[in-house]
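Open the model in your viewer and follow the stops below. Each stop names a selection and says what is there.

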Amino acid sequence: FEKCEDMANLTFLNDASVFWNLKTRYQAKLIYTYSGLFCVVVNPYKRFPIYTPTVVKMYLGKRRNEVPPHLWAITETAYRNMLQNSKDQSMLITGESGAGKTENTKKVISYFA
(Lines give C-alpha, C1' and ligand atoms only; values in the text may rest on other atoms or scores of the structure.)
Protein backbone atom coordinates (compact mmCIF):
# COMPACT_ATOMS: atom_id res chain seq x y z
CA PHE A 1 0.00 0.00 0.00
CA GLU A 2 2.81 2.40 -0.73
CA LYS A 3 1.51 5.79 -1.92
CA CYS A 4 -2.03 4.84 -0.94
CA GLU A 5 -4.50 7.51 -2.14
CA ASP A 6 -6.83 6.98 0.83
CA MET A 7 -5.20 6.19 4.15
CA ALA A 8 -8.46 4.66 5.37
CA ASN A 9 -7.42 1.72 3.18
CA LEU A 10 -4.06 1.18 4.89
CA THR A 11 -3.66 -2.34 6.24
CA PHE A 12 -2.02 -1.06 9.39
CA LEU A 13 -3.38 2.28 10.54
CA ASN A 14 -0.78 3.66 12.92
CA ASP A 15 1.50 6.69 13.08
CA ALA A 16 4.37 5.00 11.25
CA SER A 17 2.16 3.82 8.37
CA VAL A 18 0.49 7.20 7.98
CA PHE A 19 3.77 9.12 8.05
CA TRP A 20 5.42 6.68 5.62
CA ASN A 21 2.50 6.95 3.21
CA LEU A 22 2.52 10.76 3.34
CA LYS A 23 6.31 10.83 2.92
CA THR A 24 6.35 8.54 -0.14
CA ARG A 25 3.49 10.45 -1.75
CA TYR A 26 5.22 13.78 -1.03
CA GLN A 27 8.47 12.51 -2.55
CA ALA A 28 6.49 11.61 -5.67
CA LYS A 29 5.05 15.17 -5.68
CA LEU A 30 1.64 13.85 -4.64
CA ILE A 31 0.80 16.39 -1.96
CA TYR A 32 -2.91 15.49 -1.62
CA THR A 33 -3.96 12.33 0.21
CA TYR A 34 -7.37 11.29 1.46
CA SER A 35 -8.00 10.04 4.96
CA GLY A 36 -11.57 8.87 4.80
CA LEU A 37 -13.72 11.96 4.25
CA PHE A 38 -10.78 14.31 4.82
CA CYS A 39 -8.08 15.49 2.44
CA VAL A 40 -4.61 15.84 3.94
CA VAL A 41 -2.28 18.28 2.20
CA VAL A 42 1.48 18.41 2.72
CA ASN A 43 2.64 21.93 1.84
CA PRO A 44 5.55 21.68 -0.63
CA TYR A 45 6.53 25.34 -0.06
CA LYS A 46 6.99 25.62 -3.82
CA ARG A 47 4.73 25.75 -6.84
CA PHE A 48 3.70 22.52 -8.56
CA PRO A 49 1.97 22.56 -11.97
CA ILE A 50 -1.18 20.97 -10.53
CA TYR A 51 -3.49 23.97 -10.78
CA THR A 52 -3.56 24.51 -14.54
CA PRO A 53 -6.70 24.78 -16.68
CA THR A 54 -5.93 21.28 -17.98
CA VAL A 55 -6.03 19.89 -14.44
CA VAL A 56 -9.27 21.77 -13.74
CA LYS A 57 -10.90 20.02 -16.72
CA MET A 58 -9.78 16.68 -15.32
CA TYR A 59 -11.88 17.24 -12.18
CA LEU A 60 -14.97 18.93 -13.63
CA GLY A 61 -18.03 16.72 -13.19
CA LYS A 62 -16.03 13.85 -11.71
CA ARG A 63 -16.64 11.98 -8.49
CA ARG A 64 -13.93 11.91 -5.88
CA ASN A 65 -13.15 8.24 -6.52
CA GLU A 66 -12.74 8.80 -10.27
CA VAL A 67 -9.74 11.11 -10.05
CA PRO A 68 -6.55 11.34 -7.96
CA PRO A 69 -6.76 13.13 -4.59
CA HIS A 70 -6.82 16.89 -5.02
CA LEU A 71 -8.37 19.94 -3.40
CA TRP A 72 -10.48 20.31 -6.52
CA ALA A 73 -12.00 16.85 -6.11
CA ILE A 74 -13.28 17.96 -2.71
CA THR A 75 -14.45 21.27 -4.19
CA GLU A 76 -16.26 19.54 -7.05
CA THR A 77 -17.96 17.13 -4.62
CA ALA A 78 -19.21 20.00 -2.47
CA TYR A 79 -20.48 21.87 -5.51
CA ARG A 80 -22.29 18.81 -6.93
CA ASN A 81 -23.85 18.04 -3.55
CA MET A 82 -25.08 21.62 -3.32
CA LEU A 83 -26.72 21.39 -6.74
CA GLN A 84 -28.20 17.91 -6.31
CA ASN A 85 -29.39 18.22 -2.72
CA SER A 86 -30.22 21.94 -2.68
CA LYS A 87 -28.33 22.26 0.60
CA ASP A 88 -25.53 24.60 1.59
CA GLN A 89 -22.05 23.08 1.69
CA SER A 90 -18.94 24.15 3.54
CA MET A 91 -15.24 23.39 3.57
CA LEU A 92 -12.96 23.53 6.58
CA ILE A 93 -9.37 24.38 5.70
CA THR A 94 -7.18 24.16 8.78
CA GLY A 95 -3.51 24.15 9.61
CA GLU A 96 -0.73 25.92 11.42
CA SER A 97 0.61 29.31 10.45
CA GLY A 98 2.27 29.05 7.04
CA ALA A 99 0.60 25.73 6.25
CA GLY A 100 -1.07 27.05 3.10
CA LYS A 101 -4.63 27.75 4.25
CA THR A 102 -4.91 31.02 2.36
CA GLU A 103 -3.38 29.55 -0.80
CA ASN A 104 -5.76 26.59 -0.72
CA THR A 105 -8.74 28.88 -0.13
CA LYS A 106 -7.69 30.87 -3.19
CA LYS A 107 -7.52 27.63 -5.18
CA VAL A 108 -11.07 26.71 -4.14
CA ILE A 109 -12.35 30.12 -5.23
CA SER A 110 -10.46 29.95 -8.54
CA TYR A 111 -11.99 26.54 -9.25
CA PHE A 112 -15.47 28.04 -9.02
CA ALA A 113 -14.51 31.04 -11.19
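## The two cysteines

A disulfide here means a pair of cysteine sulfur atoms within 2.5 Å. The structure holds zero of them.

This is a predicted model: local features need pLDDT of at least 70, side-chain atom pairs count only at pLDDT 80 or more, and totals for chains, interfaces and linings use all residues. Residues are numbered from 1 along each chain as its sequence is written, and side-chain values use heavy atoms, leaving out hydrogens and water.

Stay on Cys4. Is Cys4 buried or exposed? Its relative accessibility is 8%, so Cys4 counts as buried. Now select Cys39, which is partly exposed at 26% relative accessible area. The cut-offs: buried is under 20% relative accessible area, exposed is over 50%, and partly exposed lies in between (1.4 Å probe, protein chains only).

## The whole chain

Switch to cartoon. The protein chain has four helices and two strands, in the order α-β-β-α-α-α from the N terminus. Helices are DSSP runs of H or I with at least four residues; strands are runs of E with at least two.

Show the C-alpha atoms. They fill a box of roughly 40 × 30 × 25 Å along the principal axes.

Colour by burial. Buried residues make up 30% of the 113 residues.

Last, select the charged side chains: Lys and Arg as positive, Asp and Glu as negative, without His or the chain ends. The protein chain has 15 positive and 9 negative side chains, and the centres of the two sets lie 7 Å apart. Each charge is placed at NZ of Lys, CZ of Arg, CG of Asp or CD of Glu.
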